[in-house]
Every structure is written in C-alpha cells, then in structure tokens.
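Please look over the sequence and the model shown here before reading on.

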Amino acid sequence: MTKPSLPELLHAAVTAVGGTERPGQAAMAEAVAEAVDDNAHLLVQAGTGTGKSLGYLVPALAHGERVVVATATLALQRQLVERDLPRTVDALHPLLRRRPQFAMLKGRSNYLCLHRLHEGVPQDEEEGLFDQFEAAAPSSKLGQDLLRLRDWSDETETGDRDDLTPGVSDRAWAQVSVSSRECLGASKCAYGAECFAEQARERAKLADVVVTNHALLAIDAIEGAPVLPQHEVLIVDEAHELVSRVTGVATGELTPGQVNRAVRRAAKLVNEKAADALQTASEGFERVMELALPGRLEEVPEDLGYALLALRDAARTVISALGATRDKSVQDEDAVRKQALASVETIHGVAERITQGSEYDVVWYERHDRFGASVRVAPLSVSGLLREKLFAERSVVLTSATLKLGGDFNGVGASLGLAPEGTEGDDIPQWKGLDVGSPFDYPKQGILYVARHLATPGREGSRTDMLDELAELVEAAGGRTLGLFSSMRAAQAAAEELRGRLDKPILLQGEETLGELIKNFAADPETCLFGTLSLWQGVDVPGASCQLVVMDRIPFPRPDDPLMSARQKAVEEAGGNGFMAVAATHAALLMAQGAGRLVRATGDKGVVAVLDPRLANARYGSYLRASLPDFWYTTDRNQARRSLAAIDAAAKVNDQ
C-alpha cells in the first residue's frame, strides 16, 4: 500500500475537527514536514485562524518518531489533548495503519501527592507531620477545599490539578502536592506504585506525542536531569513566550520568610551547632533585607555579601548534617528530611550563585507590599543556553501568531540564540523563517487608529486627555471594548473614571477570576473589560462583544526594570542598539499580541486604538507598526469614531 500524502492526511484531520482547509495551514504542514525530515529548524508565523495546531500535529504524527509539543498556556494544552489530538488520531488511524499514542506531562507539583494526602504535611513549627484535614476547620474555605481534594483523589485518574473543577486555592493545593525536590522517589514511597506523577511519566515514555509546557521544557534543558522522554522532534507553540518562561525558571530568589521556614524545617534534624549557625545567618540576612531598596545591584553590597556567605556556609553544614541525625520523635522522617533538604539546598544554591558573581547574571532587590523584600538573580540572557540546549540534538519547530517583528524573524531568532537567517558556520544552528499569513482580510476587517493629537505620556501623572479620548471611543463603540493598559494602576484609574462617566458595565481584572471576567465580557455586548496588557494574551472573544481594543500607551519595559535595563546596556556595550533590541522588541511583541485580540473570526470587524502619539511620530513607530496586523491605518479621530459607530449600529441590527 502506498504511503498517504501529507495533503490527504491534512484533509482527513481538518474534516475530523470540523474545520476548513486553509492555504496557510497547508504551507505550514509542508514546511514542518520538510524541517523534520531534514533534521532542520523552522520558525513559522501563523496568524490567528490558520489552524496552526493541525499544521504541526499532522506532519508530526505522520513522521512516526516521538515528538514533544511544548505550549505556554493551559488553554492550548487542554485544546490539544482533549480536542485536537483525539480527533486527529482517529482520522489518521486508517490512513497511517497505526494509532499514534499521546500523553500530557507536567512538573511534579501539578499532580496530587498521595503520600502528602494520606500521611500529612511536614509542619514548620513542630517536628513531624500534622494531619492537614484535622488542622483546618471543616467550615473554613481551606477545610472545604481539602475535603473536596480527598474525595476527588478517589475518583481522579490523572491527579492533575487542572482536571479538578472548580479549582482550589494555591494554599490548599500546597498541602497535597510536592515539588520534585521534596518527592521521596517512587522506590522509597509507600504510594510509589499508585503515584500520579510517575504514571504520567510512564504514559509519556510510551507516547508518540508528548504535550508539555514551556516551564518543564526549561527545567529539562537547564537542570541537566532529563524530565522529558527521548525525542527526535520538538515543537514549541506560543513560542513568543519561551524566552520569558525560560528566564523565569532560571531565576533564583531569597526572602527572609523563605530562609526562616528552612531554619524551622531543619532545626530538629541536625545537631544544635549546625541549627544555631543557620539561625544566626538567617537573622543576619533578615537585618540586611530590612534596609534593602528596590533596584539593580551592579556589585553585591558588602553587608549583603557577608550575609549571603554566612547563609551559604551554614546551609552547606546543615546539608551535610541532615543525613546523619535521627530524632526519634519525628514521624515519617524521610518525608520531613526531604522537605527540609529541598528548602536548605535552594538557599545554598541561590546564595552561592549570587556570591560567586557571574558577569552573565543580574542581581537586584525587589520589594513587595505583602511579602516584603527579596534579592533576586537572573541570567542576563538565555540565548546561549537555548542555542546550546534546545537546538543541538533534535529538529525544532517554533510557531506563534507573533514571531515576525518589524518585518523579519531575526529579532526573535536572536533572543533564542540563533544567528541571523542564512548565516553559515560550523556551530551555528541553521534555520528558516516562514510567514504563512492569515485567513483574515486585515485591511478590510480592522482599523489601526493612533491618537496622534494626544500629549506624549510621561512616567507619572494623570492623563486626562487620554481618559477623555477613551471615554469618547467607548461611547462610539457602544461598549464592546477590551482595554489593555501598561500597568494595573492605569487600568484601575481608567475603570474608576469611566464607571463615573459612562452608563456601561466596566469589568476590571482582579475583581473576578479571569475565566469569569471573559465569560461576562463575551455575554454582554455593552460590557467593557479593562486589565493589563501582559495578562490578556490568551483572550479569545470572537464576534460583536469585542470591536474595540484600546492600548493606553506603548508598553516599553519600565526604565527601572533591573533585568531589561541590564540587557539593554549589555547590547549597547557590544556595539548594538540596546533600545531597539530589547525595549522596542518587548513592546512590539506585547502590542502584536494585544492587537491580535480584535479579529478572531472571518466576520469580525473593529478598531485597535493606540492612545500614544509616539506610535505615529517617533522614529521607532514604523518598526512597531510593522509588527502589528496589516490593518487600515489612520490618525483621524473623527474617522475612528464614525467607523466605531457604524460597526456598533451594524452589530445591533444583527443582535436583533
């Protein structure tokens, strides 16, 4: 029997999911198949509505070797595992003459730990374990969550937190889960044979397609101990998120509260001398942190350096002593010791990293209203790490609706450790960039309006002209507005102002769960939803409920952001343009994601309004505009209002 062609397989899969075949999807599938066959790398931009999931799943399943798919959001992981993969596998089975298996794999703390559930949680204040179910009042929210988790543990097949609906608080989940460092290991644990995390790993070892998240991919790359099964092909969806997720995993943090917890956990398990030394070091660190002012530390201050050296040395002594001491009063000593060890090892690792002072790390103080001060350390760049760990052993396909910034892929490529496209060299990963376009007619479906007449936004102070403009636009649109703001403070100020001015419901991020907010926004066309730009990347509200997307200003990183300013400075010292490479690229990515909320289906129409004149007037404005969908462009405020009013009137006719 002849091998089925890729177009045949794609046709079968698209039919099975009830979709429409699109030229961009077919072009993407061909390019992915070619990259996989040639063991090459591909960056592919596929606009909203292309059907990119099938564009990579079909060639991946047809390839026959194991493929790992890493995504950034929970929503896409669910869509792949619950909808796209089951239907695609069913459709391809008769053509491939085999049934590819698929599985989901996440970090250990995403799964219910049966040991924690049945044996209790190591307690910080006292030695041994305590029964969290007895300790929490049954009438309290925590108590109710824990009782529901216990009932759920008898019926769940996966133990995956995301399969529990409605969910529970982070505090409740922490009582029934462990990190990989706290885990006893299947061979030592009384519940090892039934362990949900171990079962997920076993399923992944047998699967042809393993769906995971960016964080686990980063841990697999950074920590050296393989978490993911061996695979020949890696597909990174929502790839615009990868650098920030990898940076997050590679960032270390120390807080006085965290150090105190480690001291309490270790105190009963080591000799008095070792415990006292860690206690003294902890107190010294706390005194230094009381005076910490937020900002980058170009050099580690002397007092912090001494405090961290004392912490590092005391932690090392405790780690050595933890193995030897046995306190007969401690119940389930292995679990208690493992948790204490994990806490102390983290402190040792971060203290040592900061005191060693690598030129490739950035160190800074941060202050949080609720949690107080912390000292943090993050890599200046993760590009070298990604080049070495991501592209060495396998074929990698990176895809997103926003990878092409300012007209090419080189900006995103550089952040991933890739030389400009077409650069030859022995150790240089070869890659191709492909933009398969979008099925939407952006110039006919959307308008990009830049409020050129407004004052340039300053760092602080109220923007009354911007709020006036916003109110007029929302009024013209009849509600139907997604407001994307550069800070939570700006979103709150705008919501407060417009609630006083307009007779339209204004929903604000933080006043309800994200899911509830989006549901209520989609249900009522007059409703507006305001929040910060960075948290709305996954919002998908097609139709008449979202016909105006407003951005209050260009979302450059804050000038006092320690990591971004350090990265910018490093590019400048190497002879590059730090502002364009770091700040403008960051802003372009967020704006492209934000503008992408407007047109989600072929019938959608609307306006993206940017209330920052720099997008029209500044030199870098053309670079940012070239990163956005190809909407019809205007700076005429009357034109924008007339268009919104016409779109609103047409939507009202359709609503009747």
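How much accessible surface does the protein have, and what percentage belongs to carbon and sulfur atoms? The accessible surface comes to about 29800 Å², of which 49% belongs to carbon and sulfur atoms, as given by the Shrake-Rupley method with a 1.4 Å probe. This is a predicted model, in which local features need pLDDT of at least 70 and side-chain atom pairs count only at pLDDT 80 or more, while totals for chains, interfaces and linings use all residues. Residues are numbered from 1 along each chain as its sequence is written, and side-chain values use heavy atoms, with hydrogens and water left out.

**Overall fold**

- The protein holds 26 helices and 20 strands, these being DSSP runs numbered from the N terminus (helices H or I, at least four residues; strands E, at least two).
- Because its radius of gyration of 27 Å is close to the 26 Å that the globule rule gives for 656 residues, the protein is as compact as a globular protein of that length; the radius is taken over C-alpha atoms, and the rule is 2.2 Å times the number of residues to the power 0.38.
- Of the 656 residues, 52% count as buried, meaning under 20% relative accessible area with a 1.4 Å probe and protein chains only.
- Among contacts (heavy atoms within 4.5 Å) with a separation of 6 or more, 76% come from residues 24 or more positions apart.

**Helix H10**

- In helix H10, residues 214-222, the buried residues include His214, Leu216, Leu217, Ala218, Asp220 and Ala221.
- Their cover includes strands S2 (67-71), S6 (209-213) and S7 (233-236), together with helices H11 (242-249) and H16 (383-390).

**Nonpolar cores**

- The largest nonpolar core has 91 residues, and Leu43, Leu242, Leu398 and Leu416 are among those with the most contacts inside it; such a core is a set of buried Ala, Val, Leu, Ile, Met, Phe, Trp, Tyr and Cys residues joined through side-chain atoms within 4.5 Å.
- Helix H23 (residues 578-595) gives the most to this core, with 9 residues.
- Apart from it lies another core of 39 residues, including Val58, Val89, Leu92 and Val397.
- Leaving out residues up to four places away in sequence, Leu398 touches, among others, Leu43, Val236, Leu242, Phe391 and Leu416.

**Val610**

- Val610 lies in strand S19, residues 606-610, and counts as buried because its relative accessibility is 0%.
- Beyond its neighbours within four places in sequence, Val610 is in contact with residues including Leu448, Val450, Met551 and Met591.
- Met591 is 19 residues from Val610 along the chain, and their C-alpha atoms are separated by 9.4 Å.

Note on methods: Buried means under 20% relative accessible area, exposed over 50%, partly exposed in between (1.4 Å probe, protein chains only).
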